Amino acid sequence: MVMKSVNLDELNKLLNLTLTAPTSKLSAIINGMKLLLAAVFIIARHMLIKEQREKEAWEYKKRQLNSINEDLKDSDIF
Amino acid sequence: MKNFILLIFLCVITYGCQDLKYVSDKFSISSASAKSYEYPIFINRTMCLDLNKRPGLCALQHKHSTPLKIEVDPRPYSYLFFIRCTKDLFRKRFDVPKGKRVELEIDPDTFQNFNGFSCIGEVFPDDREKVSARFNFLVRLVKADYIFREDIDFYNRSKKHLALGRYSLYSTIDGVTKKKKTIIKINSDTKVYTESYAMRFNQFGHEKR
């Protein structure tokens, strides 16, 4: 996934979010770009965390369901 | 004035009751991770409880001819429900929507050739991560035409006397066994069990903690 290739630390360094006063048209565009980049960074981070959590939850479910089968063998007394 | 004081008193009581706050156990081990069986389910309309009256683990005697009903109350969250029984005679896995009751039935044909079976289930709520709870029940199958004994009931609705039944060959009252007692006087903590000729037993008072 593209989002995964984003190095979060580098992106953090890149985003020094102290916005310069928009003295010119160029600085206004740069400020806008910075805000956009920050938004992309926040969304990417959120998606990565969500994906990681979903993966962990799925692994937990898988592990639990496997252990049910083991426990069922123990209770097969008939 | 009296009514006003009563109202103030009731308001204070109500406020006091609301002050009982929920203490979260978010960081403690979940029941399923601890290998404990605690999820409340109903089997044949009775909550599955263990000897200590804790929900989630139970054993029951069930007739070969009747279907076994499993129910779960609606929950304020959606969840994944899983159940599997020994010999693979029953297995289900499905998502349960928020506020929806689970009603399952094991057909008697599926356990016709068995003397019993055990089932384990697990519930994975969608509003929490890496948390789940399990239930486990053991079913002993008895002959379809067997008639279970009736409950021991009060004599003449008095709640002071107990009708042990016409077929009580022996009665054990608070640990002392006597022969052919049909009606006995009881206290609030009297514990009784009876035995018939065909060794069919019944009890009163032992279920109280």
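Reader: How far apart do the centres of domain 1 and domain 2 of chain B lie?
Author: Their C-alpha centres lie 34 Å apart. Domain 1 of chain B is 42–142 and domain 2 is 153–204, with bounds that come from an automatic or database domain assignment. This is a predicted model, where local features need pLDDT of at least 70, side-chain atom pairs count only at pLDDT 80 or more, and totals for chains, interfaces and linings use all residues. Residues are numbered from 1 along each chain as its sequence is written, while chains are lettered from A and ligands numbered from 1 in the order in which they are written.

Reader: What box do the C-alpha atoms of chain B fill?
Author: Roughly 70 × 55 × 25 Å, taken along the principal axes.

Reader: OK, new topic. Which residues have the most contacts inside the largest nonpolar core?
Author: B:I41, B:C48, B:C119, B:F135 and B:F137, in a core of 27 residues. Such a core is a set of buried Ala, Val, Leu, Ile, Met, Phe, Trp, Tyr and Cys residues joined through C-beta atoms within 7 Å; buried takes 20 or more other C-beta atoms within 10 Å of a residue's own, with C-beta atoms placed from the backbone.

Reader: How many residues of chain A are in contact with chain B?
Author: 13 residues of chain A are in contact with 18 of chain B, contact being C-beta atoms, placed from the backbone, within 7 Å.

How values were computed:
Contact = placed C-beta atoms within 7 Å. Buried ≥ 20, exposed ≤ 12 C-beta atoms within 10 Å, placed from the backbone.
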